[in-house]
Amino acid sequence: MDRVLVWGLGISGKSAIKLLKAKGYEVYAGDDKDGTDFREYLDLVDTVVLSPGIPPRHPLWIEAQKRGLEVIGEMELAYRFFKGRVVAITGTDGKSTVTRMTYLILREHFGNVLEGGNTGTAFSEIVLRDPFSLAVLEVSSFQGKTLKTFRPCCGAFLNFARDHLDWHISLEDYLHSKYNIFKHQQEEDFVVLYSRQEEVVNTPTRAKKYFFSSKDAHGFLREGRAYFMGEELFEVSKLKIYGHHNYRNALASAMIAKLMGVPSETIRKVLYEFSGLPFRLELLGEWEGVKVFNDSKATTVNALESALKSMPDKSVILIAGGRDKGGDFESLYDLILQKVRLALLIGEAKDKIFQAWRGATILEKVESLEEALKVAKAYSQRGDIILFSPACASFDMFKDYIERGQRFNELVYSLFGRTSQV
C-alpha cells in the first residue's frame with residue numbers, strides 16, 4: 001500500500017485521507033457527487049479505500065478488482081495503524097446501544113477507552129487521537145465485507161435478520177460480511193453470541209464463544225434478573241431502557257465487560273444510569289394515558305418486531321413505512337394481529353406493507369408523517385401506545401433516521417404539548 005485512492009468523501013472518507021496524509025502516503029480522492037471520473041486514478045494507485053455506502057456493484061469496485069488492486073474500507077485502513085485493542089459490536093439491530101453501553105462500562109473501569117466505528121467517530125480519528133487506546137467499535141456489514149486483517153480481542157454478534165439487500169448481493173453475502181469481522185480472532189480472544197439463531201451461533205472464529213439469551217446459555221434473563229456464569233449481574237427493573245430486546249442488549253454489554261475483568265458493581269452502576277440513545281424505542285411521554293414512543297432507528301423488520309414484542313396486546317397504534325430495504329413484512333402478520341389496533345403506513349413501502357398486513361388489523365395509508373400522527377392522536381384512547389417504528393429506511397422522505405426522529409419529536413410536542421405525565 002503505497003499510493004491510495006479514497007473514494008467517498010463523507011465522514012469515513014475524510015478521516016481516511018487525514019490518517020493517510022499523517023502517515024506520509026500519496027493520496028488521491030474523489031466522490032461520485034463531485035463528477036470526478038475514478039478511472040483517471042486507477043493507473044496511479046495500488047489500493048482503493050471505499051466509503052461504506054459504496055456497494056460491491058459499483059463500477060469502481062468492479063474495475064479495481066479486475067485490475068488486481070486492493071479494495072478495503074476505512075475501518076480496515078485504520079486498523080493497520082492501530083496498536084491498541086478493539087472491541088467489535090455487530091448485529092442487524094442493537095449495535096449502537098450495545099456499543100454505547102459497553103463503552104461507558106469499560107471507560108468507567110479502564111479510563112483510556114474511545115468509541116466509534118459505524119456511527120459517530122471514524123476509527124481513523126481514534127487512531128490519530130490515540131493509537132494505543134481500547135477502542136469500542138460498532139461494525140456494520142458494509143465495513144465487515146472489506147476487512148482483511150482486522151482482529152478484535154473481543155466482541156459481540158447480537159442478532160441476524162434479513163436486511164441491506166439493497167447493498168449486498170445476497171442474504172448469504174450479508175451474513176458472511178458479519179462473519180468476516182471475527183475471522184481473524186485467535187484462541188485467546190472471545191466473542192459473545194446470541195444463542196437463539198443458528199446463523200449467529202455458527203459464527204466461524206477461533207475465539208472462545210460465550211452465548212446469551214436462552215436458559216442453557218452462559219448468560220440469560222430470568223424472573224427480572226440477568227445472570228452470567230452463575231452470577232447475578234443486574235436487575236431489569238432498575239434499568240432505564242425499555243423493552244426485552246434492550247434487556248438482552250444490556251446483558252450482552254455486561255458479559256463483554258465481565259469477561260474483560262470489570263467488577264460487577266461497576267457494570268451495575270453504569271447500566272442503571274444509562275437512559276438509552278435517542279430514537280431507539282425512546283419514550284417521549286404520556287398524554288392523557290396515551291404513551292408515545294419514537295423508534296425512528298428501527299430501520300428493519302427485525303427492529304419493529306422487537307419493539308412490538310415489548311408492547312401490551314391490542315394496545316398499539318403503529319406508524320410504519322419508508323424506503324423498503326428488502327424486508328419480509330409478511331413475517332410480522334401474527335404479531336400485528338396480536339399487538340396493533342391501527343397501522344398508519346407512510347412512504348414508498350406503504351403499498352407493500354398494506355398487502356403484507358391486510359386482514360391483521362385496521363390499515364390506513366397516509367401521505368406524511370404529520371398526517372399519520374394526527375390520525376393516531378385522534379384515534380387514541382387511554383391505555384393506548386402510539387409507536388413510531390418504521391421498519392424501513394428514511395431516505396424517501398428524510399436525510400436519515402435522525403432527521404426523521406427529530407421531525408417526529410417536533411410533531412409530537414406540537415400536537416400533544418411539551419408537558420407529559422412521564
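**Note on a predicted model: hairpin, sheet and helix contacts**

1. Strand 12 and strand 13 form a hairpin, with two residues between them. Met229 sits in the turn and has a positive phi of about 50 degrees. Helices (H or I, at least four residues) and strands (E, at least two) are DSSP runs, numbered from the N terminus.

2. The model is predicted: local features need pLDDT of at least 70, side-chain atom pairs count only at pLDDT 80 or more, and totals for chains, interfaces and linings use all residues. Residues are numbered from 1 along each chain as its sequence is written, and side-chain values use heavy atoms, leaving out hydrogens and water.

3. Strand 12 covers residues 225–228 and strand 13 covers residues 231–235. Their pairing is antiparallel, over four bridges. Two strands pair if DSSP finds at least two bridges between them. Tyr227 has Glu232 of strand 13 as its bridge partner.

4. Contact means heavy atoms within 4.5 Å.

5. Axes are lines fitted to C-alpha atoms, for helices over the stretch in contact; angles run from 0 to 180 degrees between N-to-C directions. Ala250, Ala254, Ala257 and Lys258 of helix 9 meet Ser264, Ile267 and Leu271 of helix 10.

6. Helix 14 (residues 369–379) and helix 15 (residues 401–416) have axes that come within 10 Å and cross at roughly 40 degrees. The two helices are therefore oblique to each other (under 35 degrees is roughly parallel, over 145 roughly antiparallel, 65 to 115 roughly perpendicular, the rest oblique). Contact residues include Leu369 and Leu373 of helix 14 and Phe408 and Leu411 of helix 15.

7. The structure holds 18 aromatic pairs. Rings of Phe, Tyr and Trp (its six-membered ring) pair if their centres lie within 6.5 Å; planes under 30 degrees apart are stacked, over 60 edge-to-face, the rest tilted. Tyr194 and Phe212 have ring centres 5.6 Å apart and planes at 50 degrees, so this pair is tilted. Tyr194 lies in strand 9 (residues 190–194) and Phe212 in strand 10 (residues 208–213), so the pair ties together parts 18 residues apart in sequence.
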